[in-house]
Each structure stands twice: as C-alpha cells, then as structure tokens.
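Please look over the sequence and the model shown here before reading on. The report that follows goes through charge pairs, helices, a pocket and a few single residues.

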Amino acid sequence: MKTTKKKITARERAEKTQAAARNRVIERGIIQFRADAEIMDLLLQVAMHKRMPYGVMCRAWVVERLRQEARALGQTA
C-alpha cells in the first residue's frame with residue numbers, strides 16, 4: 001500500500017522556513033546588521049567617549065529601546 005504525502009502550499013513552506021530561521025536566531029543570540037562608514041565612525045567615537053566596548057553599548061541601546069517598545073505595546077521584556 002502506497003502512502004501519499006500531503007503537498008504543502010508555498011505559504012506553508014515559507015512559514016515553516018521562517019519559523020526555523022527564527023528559532024536559529026533565538027538559539028544563537030546573534031544579530032547582525034550593516035551600517036555605513038559614517039555611522040560606524042560615530043558609533044566608535046561615542047563608545048570611546050563612554051569608555052565602553054561598542055558591542056556592549058549597542059546591546060544596551062537595543063535592550064533599552066526594546067523595553068520601551070514592549071511597554072508601548074503592553075508587553076513585558
């Protein structure tokens with residue numbers, strides 16, 4: 001007896017792929033983004049002025065802003 005697999009739609013496939021990607025991001029805890037040279041220079045200058053590693057400073061800024069946004073949405077962070 002031959003079993004047939006249910007074909008999934010393109011949307012279902014995309015949702016499955018997005019969910020897997022989201023889970024990988026959560027597990028790894030790494031976010032990457034690009035910034036132009038002017039922004040990078042400014043970022044490094046501010047970090048040097050604050051005597052902080054730029055990655056620590058960026059993480060603090062992201063966490064602070066996410067908490068603000070979460071409060072505005074009525075969520076907790």
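## Salt bridges within the helices

The count of salt bridges comes to two in this predicted model, the criterion being a side-chain nitrogen of Lys or Arg within 4 Å of a carboxyl oxygen of Asp or Glu. In general, side chains of opposite charge can pair when their charged atoms come close. The two pairs are set out below.

| Pair | Closest N to O distance |
|---|---|
| Glu15 and Arg11 | 3.1 Å |

Helix 1 covers residues 10–28, and at 1.5 Å a residue its 19 residues should span 27 Å, which agrees with the 27 Å found between its end C-alpha atoms. Just after helix 1 comes Gly29, whose phi is positive, at about 70°. Helix 2, with 14 residues, reaches 20 Å from its first C-alpha to its last, and this is close to the 20 Å expected at 1.5 Å a residue.

Which residue takes a positive phi just after helix 2? That residue is Arg51, with a phi of about 55°, and Arg51 sits in the loop between helix 2 and helix 3. The value deserves attention for a residue other than glycine, because most residues other than glycine have a negative phi. Arg51 also counts as exposed, because its relative accessibility is 77% and the cut-off for that class is over 50%.

## The largest pocket

The largest pocket holds about 700 Å³ of space. Its lining is made up of 18 residues, and those nearest the centre are Ile31, Phe33, Cys58, Arg59 and Val62. By class, the lining divides into 14 nonpolar residues, two polar and two charged.

Helix 2 (37–50) and helix 3 (54–72) each supply at least two residues of this lining, and helix 3 provides the largest share, with nine residues.

## The segment after helix 3

Leu73 has its place in the segment after helix 3, and this residue is exposed, given a relative accessible area of 64%. Between Leu73 and Ala35 there are 38 residues of separation in sequence and 28 Å in space, taken from C-alpha to C-alpha.

## Confidence of the model

For the chain, the mean pLDDT is 92, and 96% of its residues reach 70 or more. Confidence is lowest in helix 1, with a mean of 93, and highest in helix 2, with 97.

Key: Residues numbered from 1 in each chain as written. Predicted model: local features only at pLDDT ≥ 70, side-chain atom pairs only at ≥ 80, totals over all residues. Heavy atoms only, no water. Helix = DSSP H or I, 4+ residues; strand = E, 2+ residues; numbered from the N terminus. Expected span 1.5 Å × (residues − 1). 1 Å grid on protein atoms, 1.4 Å probe; cavity = no way out; pocket = protein on both sides within 12 Å on 5 of 7 lines; lining within 4 Å. Points joined across faces, edges and corners; volume = space filled by probe spheres on them. Nonpolar A, V, L, I, M, F, W, Y, C, P; charged D, E, K, R; others polar. Buried < 20%, exposed > 50% of the residue type's maximum accessible area, 1.4 Å probe, protein only. pLDDT = per-residue confidence, 0-100.
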